[in-house]
Every structure is written in C-alpha cells, then in structure tokens.
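User: Hi! I'm new to reading protein structures, could you walk me through this one?
Analyst: Happy to, let's bring it up.

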Amino acid sequence: MTSTSLKNRAGARIAPDKIDAFAGQVRGALVRPGDDTYEKDRQIWNALIDRHPGAILRCVGAADVIAAVNFARDNDILVAVRGGGHNVGGRALCDDGLVIDLSGMRGVHVDPDSRRVRVQGGATLGDVDRETHIHGLAVPLGIVSQTGVGGLTTGGGFGWLARKYGTAGDNVIEADVVTANGEFRRASATENPDLFWAIRGGGGNFGVVTSFLYQAHPVSMIFGGLIAYPRDDAARVLRGYRDFMATAPAELTVYAALLWGPDGTPLTALVPGWIGENPADGERAVKPLTELGGMLVADLHVMPFPALQSMLDAAYLPGSRNYWKSAYLNGLTDDAIDTIVEQSKGMTVPGSAMLIECFGGEVKRRPADATAFAQRGSDYLVAILPMWPDAAQDAEQIAWARQAADAMVPFGSGGAYLNYIPEGDEDVVQTSFGVNLPRLRELKKKYDPQNFFRLNPNIAPAA
C-alpha cells in the first residue's frame, strides 16, 4: 500500500483504509504520492505552479466524478478540478487535497444533421476540431488548440468565431454537471435553467461539467495568417488596427500583439482570421491591414479552420512559467494605445506578449445577463502575458505583469477575463462578474452553500 499525504482541510490525514475503499469504487486510476506516474500527473501547463496533491483521480466518466465529490465532501477534503488544457491560474492543483482530473475524458461526438457536438469535459479545442472539421463544421471556442473546453467555456470563452456566433458559452445547448451534493444534473434552457445560466461564465463555482452539448456552425476553409510590422511602429499600427476594426464585418476577427519573432526580433503582429463563405472575400477584407506602412511580412493564405486554431500553438508550449493579467476596455483610445506601447518596454523575455482582442459582433449584441458572463459589452481585452523559463526571474516578471495591469486601470471597464486571473486577485474576481454577481451569489448558495468548489475564481455564497 502506498503511503499518502491526503488530508482533510483541518490538516488531519485520511485513514489509508478509507482511501483504499474509495479507490475500489472508481474505474479511473487513483494516483498517490510515490506512485510511478505521480510526478508526471501533478504537472500542469504552467510551470510556475508546483503543488503536491494528496491524491489525483484520473476520471474515466461521470460516475468517477460523483464518487470523488462524495468522498471529498464526506471527509472534508479540499478539491481541485483539472480539465484538459492550460489552467494558467494554477487552480487545477492543490496541496494535500484531491484533484478530480478530467483530462482523460476527451470524447467528442458529432451529429452532422443537427450540427450538435457532444464533448466531454476533459477535451481540448484540438480534439473538437479534429471531429467537427470532417463534417465542415466548427464550434465557437478559443484560439489555441491545446486549450481545454471546460475552463474556456465556463469562463466565458472567446475565439475566432465569437464575433460571428457568440462566445463558447453562448453556443452551449446543454451540459451535464455534478454538483456539490454529488448529484448528476442536466442543465439546459428547460432543465435546471438557473444552473445552465450560471455555468456559462460563472467559472467552476457550481460543479464539475462532465460534458457539453454545443451548437456547431458551417466553417471549413478560412483565410488568415500573420502580418508583422516592426515593434517601433507599434503605436501607429495599433491605431490603424483600431480604426480598421471599427467597421470590420463579424466574419473577420483580428488579434493584435506586441511580441517577438522566432529569431528574437521585436514585432507588432496582426493575426487575422476570415470565416466567411468565400475565402477570396477574406483576402480583400484583410488587405488594408497590410497597407499600414513599413510591413515586414504578410504570411496570409487559405487554410483549414483547424490550422488557424493551431497556428499559435508553438507560442504556448508547456513548461514555461506564466503569470497573466488582463483588462477589459470600452475603447482603444490613443492614450490607451500609448500606455500599452510604453508598458511593453518592460517585457524583457522573448515568448512573452501583450495581446489585444477585439470583440463586438454577436458577443456585444446580447445583453449582459444573457449568461453569467457579464463583460460582453466591452470592445477590447488587453492581455498581459509574461512567459519565462527560469524561477530566478519570477519576481521581476510578476512585477511587470502587475505594473502593466495597473497602468491599464484608467482605461478599463472593470474586471478581467476569468481564465486569465492569477490566484490572489480576489478583488478582480468579484468585479469581473459585474452586474451578475448578486444572482451568482444566490445560485452559489443554492447549489454549493458550503463553497465546496472553492479553487476557482471564487464566488462566495449569499448570506
């Protein structure tokens, strides 16, 4: 029998016979300290996070999730929930507690007639794209294929298709959720509609989503790629980008970034993706972005949608240390642009970036309370993304991220993107839920009154 450090929240060790009994109730592997795969299984994408769970349950289905929730609740054990992707904030791990690991639950089933896609909670965007693309379909998710669908969707979920079809949460038809009492619930517009509302933007506060049913859309071949300008031209290029996006059609999404090229050259990059029916229309639509003056390169072509969604993957490989911050903006004013450019001067490690995401379109047309995601009225999100290899750089990189985020506050509309919030930013968490926070607190009281699911951008239950 393997020794264990699984403890309850008071710090008392859980009796080995209880753990063994639990292990016998589940189909998935219960990995404990000392087991051959423990060191590997406790690693997540963000190398800044180094925690030692008391046990990790590699779930194979909803029954395992239910068993884990009941076992942890009955023994007062802290629980972390791990999906299939990045988990930048590090809340997928905990010391001494139990990790409910969904990363093995990656099934995707497509019904091409109804254009509906059933996706297990541990799947990645790449898993979904692989199955939907053969039918000429795509689900509105994110922009990097290694991202997990669970955290992305429950946190709101922006990506290449959002301006045309809404957020990931907007495209959920129903979801299977295991709540804090160990109950399996179907959440939809007709079953547990309040839970359905809450999980689409309320983060992991209301339960473990074991599967989503998404609405897919006809997207196959697209036009996109990369346009690069010198970093010294950033202020001028970003002004041109802002003016261009003010009238851009919903079929076109363009991300702007201050980053480095593969050879370490500092760049100002524009990354467009046109999802309209005719890729030739996309080429014409994107052309003005190549005419801002002084362009270094334009690598633009027709490609399958999954190629666009994986184009940035190499910039987000596992093993780097990350501490991300963000700010929603109601507009990209000249002063905001100048501040972004000035703050980028403190970005010293190639691989890091300052990313500007433009919203609008279908995202903004829906009211703030359409789902729990309250920030859909903002025009832009500025993401501050330090990524570095060496622990000796932790203090300076974290300090830069905080400084840059503070500098954006005067231009912000309040709050940050839930999936980019690091641990410790609890004040930002509350403002990020905006006008929906009172309702979310009431629903937290209903579905999780003891705050069992607390390792997330946490919502305190209403008194």
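Analyst: One term before we start: contact means heavy atoms within 4.5 Å. Also keep in mind that this is a predicted model.

User: Got it. Which residues is Gln397 in contact with, leaving aside its neighbours within four places in sequence?
Analyst: Those are Thr348, Val349, Ser352, Pro386 and Trp388. Gln397 itself lies in helix α13, which covers residues 394–408.

User: And is Gln397 buried or exposed?
Analyst: Gln397 has a relative accessible area of 1%. Buried means under 20%, so Gln397 counts as buried.

User: Switching to sheets. In what order do the strands of the 4-strand sheet come?
Analyst: The order is β1-β2-β4-β3, in an open sheet with mixed pairing. On average, neighbouring strands here are turned by 20° against each other, direction ignored.

User: How do β1 and β2 pair?
Analyst: They pair in the antiparallel sense, over 3 bridges, with β2 spanning residues 55–58. Leu30 stands opposite Leu57 in β2.

User: Which strands does helix α3 lie across?
Analyst: Helix α3 (residues 62–74) lies across β2, β3 and β4, and it runs at about 165° to β4.

User: What about the sheet of 5 strands, what's its order?
Analyst: That open sheet goes β5-β6-β10-β8-β9, with antiparallel pairing. The edges are β5 (108–111) and β9 (184–188); each has a single partner strand, so one side of each is left without a neighbour in the sheet. Neighbouring strands of this sheet are turned by 15° on average, direction ignored. Helix α3 packs on this sheet too, touching β8, β9 and β10, and its direction makes about 45° with that of β8.

User: Nice. New topic: how many salt bridges does the structure hold?
Analyst: It holds 33. One of them joins Arg42 and Glu39, with the closest N and O atoms 2.9 Å apart.

User: Are those two buried or exposed?
Analyst: Arg42 counts as buried at 8% relative accessibility, while Glu39 is partly exposed at 43%.

User: Which other salt bridge could I look up, say for Glu291?
Analyst: Glu291 forms one with Lys287, where the closest N and O atoms are 2.4 Å apart. Glu291 is partly exposed at 49% relative accessibility, and Lys287 is partly exposed at 46%.

User: Which residues are linked in a network of salt bridges?
Analyst: Asp170, Glu362, Arg365, Arg366 and Arg376 are linked that way.

How values were computed: Residues are numbered from 1 along each chain as its sequence is written. This is a predicted model: local features need pLDDT of at least 70, side-chain atom pairs count only at pLDDT 80 or more; totals for chains, interfaces and linings use all residues. Side-chain values use heavy atoms; hydrogens and water are left out. Helices (H or I, at least four residues) and strands (E, at least two) are DSSP runs, numbered from the N terminus. Buried means under 20% relative accessible area, exposed over 50%, partly exposed in between (1.4 Å probe, protein chains only). Two strands pair if DSSP finds at least two bridges between them. Axes are lines fitted to C-alpha atoms, for helices over the stretch in contact, and angles run from 0 to 180 degrees between N-to-C directions. A salt bridge is a side-chain nitrogen of Lys or Arg within 4 Å of a carboxyl oxygen of Asp or Glu.
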